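Student: I am new to this structure. Please walk me through its salt bridges and chain contacts.

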Amino acid sequence: MALAPNTSNKRETVCIFGTGDFGRALGHKMIQSGYPVVFGSRSTQISSLIPKGAEVLSHAEAAQKAAIIIIAIQRQHYNFLIPLTEILHGKVLVDVSNNLKINEHPESNAEYLAQLVPGAKVVKAFNTVSAWALQSGTLDASRQVFVCGDDMEAKQMVMNIVRALGLTPLDQGSLLAAQEIENYPLRLFPMWKFPILLSFGLASFFFFYCLIRNVIYPYVYENKDFSFFIAISIPNRICPILALILLALVYLPGVLAAIIQLYRGTKYHRFPDWLDKWMLCRKQLGLVALAFASLHVLYTLVIPIRYFVRWRMSSQIISQVLNNKTEPLDTTNAWLSDSYVALGILGFFLFVLLGITSLPSVSNNVNWREFRFVQSKLGYLTLILCTAHTLVYGGKRFLSPSSYRWYLPNAYMLSLIIPCMVLVVKFVLIFPCLDKPLTRIRQGWERNPQYSEQSHYIINKSAV
Amino acid sequence: MALAPNTSNKRETVCIFGTGDFGRALGHKMIQSGYPVVFGSRSTQISSLIPKGAEVLSHAEAAQKAAIIIIAIQRQHYNFLIPLTEILHGKVLVDVSNNLKINEHPESNAEYLAQLVPGAKVVKAFNTVSAWALQSGTLDASRQVFVCGDDMEAKQMVMNIVRALGLTPLDQGSLLAAQEIENYPLRLFPMWKFPILLSFGLASFFFFYCLIRNVIYPYVYENKDFSFFIAISIPNRICPILALILLALVYLPGVLAAIIQLYRGTKYHRFPDWLDKWMLCRKQLGLVALAFASLHVLYTLVIPIRYFVRWRMSSQIISQVLNNKTEPLDTTNAWLSDSYVALGILGFFLFVLLGITSLPSVSNNVNWREFRFVQSKLGYLTLILCTAHTLVYGGKRFLSPSSYRWYLPNAYMLSLIIPCMVLVVKFVLIFPCLDKPLTRIRQGWERNPQYSEQSHYIINKSAV
Amino acid sequence: MALAPNTSNKRETVCIFGTGDFGRALGHKMIQSGYPVVFGSRSTQISSLIPKGAEVLSHAEAAQKAAIIIIAIQRQHYNFLIPLTEILHGKVLVDVSNNLKINEHPESNAEYLAQLVPGAKVVKAFNTVSAWALQSGTLDASRQVFVCGDDMEAKQMVMNIVRALGLTPLDQGSLLAAQEIENYPLRLFPMWKFPILLSFGLASFFFFYCLIRNVIYPYVYENKDFSFFIAISIPNRICPILALILLALVYLPGVLAAIIQLYRGTKYHRFPDWLDKWMLCRKQLGLVALAFASLHVLYTLVIPIRYFVRWRMSSQIISQVLNNKTEPLDTTNAWLSDSYVALGILGFFLFVLLGITSLPSVSNNVNWREFRFVQSKLGYLTLILCTAHTLVYGGKRFLSPSSYRWYLPNAYMLSLIIPCMVLVVKFVLIFPCLDKPLTRIRQGWERNPQYSEQSHYIINKSAV
């Protein structure tokens, strides 16, 4: 009975077409796991590379020996299977191939295989595993093997083999999923590209901005060499600025979407494409912002260790002593200093909490209500705290002319523009006169319905 | 054949009863994924809101077109399905409804549906997914769809649809699980309520305690304005106190349970309810404690950056210079200062380790023996280190009368009561004369068995 | 019908052989979940320990009442099942037993059971759950129940029970997996043993090395008591040294493997055993290195809080004042100080990123290409930054004779040996004249093939 192939504790023979690197690696691993393996090859000489214990036969002979045939051949050679169609009828063909580019062919390799050999049950599997990992056993990365196919039984048989090799099969549904499975190993952090490019651009801008204000300006006017600011002082200005701007950019699309929905009076028109894409990479934007915030914290905490800071402090003290002048405690300064630090600590703490809840294993264990509570309520609280941290840091300096060098304001002032905008608009949107229609729109209500719906059914589904 | 509905790569028609927001969102997503969708509605006019490509028919006509019918209607309208019982016979009915309150009805909506339409195969699914998430594709939170039902085939069919929509189905067993699945989206961190309320209460108490000792007392007696201590100094006293108390409260119920078991001489009597509940939220208590410990670390590390601290240091140095008095290095002080800091660092380090191992993906990869080693052995080591950190911090000040203001001892002294109690009792319980009977009790032995058991079977199961 | 046992919402009777602790705990939990439970026991008296609601019958009678029989008995008593073979024919036997030692018996308990009762369908399950956890409901650790067996239907029935008890079944394939499942609960961090022992040995060596240089030497020559250095200063020397050495040891085996492959001209010879083992525990080595790096960061950040450091600073300032000598700002020193700190921050930041991507839930969500990018590219960047951090920290002191005490160089110099070696060899291996043949070898090419392969198939599989 096919559903229980191992009833007698003897594993079924597996046939592998192709004696290339991956075919051999897979064969080796299968023999280790107790499967009899037979290779189908054009040349039936046993090469020293073929794993010990495996037979090598012609394609037709090999295929007849097994119910499962792994096609470890490149797509352009699939044609040679056409003459074998009759022998392959009813067999399970496992497509393990990958492409060199995303969406290289109009249909996936597995679907192409299914068209070439109509009577066979094609299953896509193993393409996300590397030959090297199979051989060496160092499966540091994912042990997940995506499996898809139209035949449930065939899929079960392949998933049993996957499990027997110590890997985790993940059923991805029908063969339509093959395209995505074949694209999967070619991905290189696609969702991270925009946030990283954006932050790189912003970082460059602010680097030169700070370089002009903090290194070149004092060199020109006071002939002081502060070039060593490049190592810590300037990064420690760029990092908090980027963290704040990127955090605000996480919440800006939500605010924009709300305005669009209010204006249109419906949620059933699609958002513009750029807004859709922006909303999809909010998590990545937030994590990049968190990275910059963490760097800011580290850069800030090492301040008292730096030689320059220690030198400045001791020369201040010495000059006080020599001038015989002692400064009394300025309570306002103490309040300002302590409260901007405290706001920063609380903001960073909540930010890290947000980061932890975005870990896949944590976010899989919370429901929508909890996720929205964390990401929306706590998220806005984080944004408020971080903006307040920057505002209080500015403190009395906002209007002081000495903070404008060459008419350039302090960099942190620029960083406040977007966060303040987001917070103001969000604050306005909370007013009941705007919040109520928005909530109704998000529950499916339309201001100008083209057709007045008769349906009395309302589903209790919360909308974000 | 029902088990392999996609054999020909054509998706089966899905019928959706109800054209409300969630029904339409689900229909939209299904059409995107290649399913023909037909809506069953009282009014068969095609509204502009119905996703393009979907048919709208009467309920009876729509039901006949599909093997799977999604009931996107509120529970109170389920009655209208009774006349359709014959048509629905043998069909798969997918209940996607939610309630407004936990355990709103005696039986779950899905079980109620199964009673109303006895011939149908009811499957509960999709209730944890939000309409908005389906439409926008921003499935930031869980992609998990809990599925339960009594008919294996029907469940498989629904799980295939779930996978085709890009979501992860999680088989929760029979329809009995529906009640829990319907309660799931209504949860809002139920396990966290007690730890957070407790820590809020303790934090308020210690805030006012420290306010009196550190702000009001110097204001009354020395007329000094230390109100800015509210920003950092007082939080940095409250946080370590709460972290230590909460950490001790994680281990207190285990100690109490051991005493109760020793006293009763059996493990087969239930613990009092409050102890059971306490034991179930130990993980959350520990994580809240870790949050306070992290805040304490941040508050401590910013100390040298604070204006007040820098002012105090420079005024001390200046007064030394003006008095022409140099202080020699006090090795005892250096030892005390360095060792309480070192104990704190090691304690915090182990605490973070404990926190990391409580991440779901990490704790799923360790077995019971490893989990107990980390949570019990390393946990007690953490408690010992943190208690020692506080004791050494106190150092010589314990008996100094100046640390009692208005007869109030320093706040950290209060925080030591529970940890010291837990550690002393645990130390006593380690003695063989108590440890041996406890181990036997936990392996199933009884001091006063009502019936002397004949069974010679002993199962090698470790008990905590 | 066996596949849908709960069609009528009534649970099937479950029989448990054995009234020991684990049998009773399992029975208790099953009754709570709605299963009728019948115990099979030699003595049919109802003990007070048997959960309420359960029947106790003789083995034969109990077995006839249920399709599923849980064998909660020790392996050495399995013989008593032989007379029952006829009654047990076709029944599902669930083996829940564990051993006391890894690989205690040549075959697993479950396979032994299957041999003893040939007509039964043996399923291995529940052995990773503790009796205590079942009773108390505190399933803090894994809720995963590994299930394996040769009969698909039997396995499905057991997995349904597992789900009904609120646990997560994990299908591990055929009964061959039982050995591993039985060994699983006995593991205690086997992969961590080598990294932890190694770091313990290195830590001891460097502790005594630093003790001699930093405590004993000044005591002997200058009669100064710096014993308090043991608390923070010496650990803060040991931690970065260990972090750097262990991080280099993560990348050393990859470099050695490349050299071996280049020398042999093939990848099809096995590496020596020690290299294989080393490669398999690289992740653990890296995480231990990250732990030491984190401790180093904490130890470093508390520097300005330490009494000794504050004392040293104020005495330096006072001596400057008394000598009426002010030190001008030394830009070179500022550059050196700031850049070694900045390098350290960036290195640590990347190191933490590497650590986060090694969390199981994160690494499961990246593909091989992304994983290799992070672990190889970012990993080497981390090593370069950390090595540069140490080199710049040394700065001008490398050749200064005062840093050699008793002919012993500074400890950090020793720590640079392995990282520099790894980086130099890796740099050499990047040259095209070595990189090209290496890439070809890793794709399956052989310099001296014993048999020239005819196959024209090349599979696009990337090799590490």
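Tutor: Start with a term: a salt bridge is a side-chain nitrogen of Lys or Arg within 4 Å of a carboxyl oxygen of Asp or Glu. Asp95(A), Lys124(A) and Glu182(A) are linked in a network of such bridges. This is a predicted model: local features need pLDDT of at least 70, side-chain atom pairs count only at pLDDT 80 or more, and totals for chains, interfaces and linings use all residues. Residues are numbered from 1 along each chain as its sequence is written, chains are lettered from A and ligands numbered from 1 in the order in which they are written, and side-chain values use heavy atoms, with hydrogens and water left out.

Student: How many salt bridges are there between chain B and chain C?

Tutor: Contact means heavy atoms within 4.5 Å. By that rule, 74 residues of chain B touch 83 residues of chain C. Glu370(B) and Arg187(C) pair their side chains in a salt bridge, N to O 3.3 Å. The count between chain B and chain C is two salt bridges.

Student: Is Asp338(A) buried or exposed?

Tutor: Buried means under 20% relative accessible area, exposed over 50%, partly exposed in between (1.4 Å probe, protein chains only). The side chain of Asp338(A) meets that of Arg306(B) in a salt bridge of 2.7 Å, N to O. Arg306(B) is buried, at 4%. With 0% relative accessibility, Asp338(A) is buried.

Student: What is the relative accessibility of Lys65(C)?

Tutor: Lys65(C) forms a salt bridge with Glu55(C), the closest N and O atoms being 3.3 Å apart. Glu55(C) is partly exposed, at 36%. Lys65(C) also counts as partly exposed, at 45%.
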